[in-house]
Amino acid sequence: PPASPSSVAAASPNAPFIEQLYRDGITRGTTATTFSPNDTVPREQMAAFIVRLLRGPDFHRDGESRFVDVKNPDFVGYIEELADMGITRGCTPNEFCPGDMVPRDQMAAFLMRALHPGPDPEARGTIGDLEPGNSLNGRVEQAVEEGIMEACTGTILIDPCTNAGSRYFDETGKTVSGDVLDYWDRSGGLQ
């Protein structure tokens, strides 16, 4: 591959991470020369990214999917591996919703399940405006407590930042490619 994807400005805070992951074969970009750091991330691409981070760039797995809506052979193996590792349970018991964009609460769950396998922790209510009853709230709190994601602090990770001064987390906001790299770096994954 080229030395670095051309769509990432050298001044971008994510540029070093993107370039490292690109050189390592973890991310492949949106074309041979672009990364598109501001594009939202579909669930199937998130599956491939996380599995390559955990299993290496040469990971390959053939077979059928347990999810009725996963048909793209480029992603079946990644999605199945993610499910086998307990990182995803699908969007329903029989569907993965591969083309759906990843909201921030799902991103928190993907990352925290990758870093801390096992049952999802119970939400303790440390972030007051999370949707009550959302099964991912415990993982969101975990990601915020570990400094991997942020509740509203006026940073670029939360846009718009409303309810300033409170612990606000826009769980439905879509995850963009550049954020994923930032979250992984904060987890210690790029150390």
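Reply: What follows covers the pocket, a helix and a disulfide.

This is a predicted model: local features need pLDDT of at least 70, side-chain atom pairs count only at pLDDT 80 or more, and totals for chains, interfaces and linings use all residues. Residues are numbered from 1 along each chain as its sequence is written, and side-chain values use heavy atoms, with hydrogens and water left out.

The second largest pocket has a volume of about 290 Å³. A pocket here is an open set of points on a 1 Å grid over the protein atoms alone, where a 1.4 Å probe fits, with protein on both sides within 12 Å along at least five of seven lines. Its volume is the space filled by probe spheres set on the points, which are joined across faces, edges and corners.

The pocket is lined by 16 residues; lining residues have an atom within 4 Å of a point. Closest to the centre are Arg43, Gly90, Cys91, Gln106 and Leu136. Helix H4 (residues 104-115) gives the largest share of the lining, 4 residues. Helices are DSSP runs (H or I, at least four residues), numbered from the N terminus. By class, the lining has 6 nonpolar, 5 polar and 5 charged residues. Ala, Val, Leu, Ile, Met, Phe, Trp, Tyr, Cys and Pro count as nonpolar, Asp, Glu, Lys and Arg as charged, and the others, Gly among them, as polar.

Take Arg43 next. Residues 43-55 form helix H2. H2 has 13 residues and reaches 18 Å from first C-alpha to last, close to the 18 Å expected at 1.5 Å a residue. The expected span is 1.5 Å times one less than the number of residues. Arg43 is one of the buried residues, as are Glu44 and Arg52. Just after H2, Gly56 takes a positive phi of about 100°.

Now Cys91. It forms a disulfide with Cys97, their sulfur atoms 1.9 Å apart. The cut-off for a disulfide is a pair of cysteine sulfur atoms within 2.5 Å. A search of the whole structure finds 1 disulfide. The link of Cys91 and Cys97 is right-handed, with 70° about the S-S bond. Cys91 is partly exposed, at 34% relative accessible area. Cys97 counts as buried, at 16%.

Methods. Helix = DSSP H or I, 4+ residues; strand = E, 2+ residues; numbered from the N terminus. Buried < 20%, exposed > 50% of the residue type's maximum accessible area, 1.4 Å probe, protein only.
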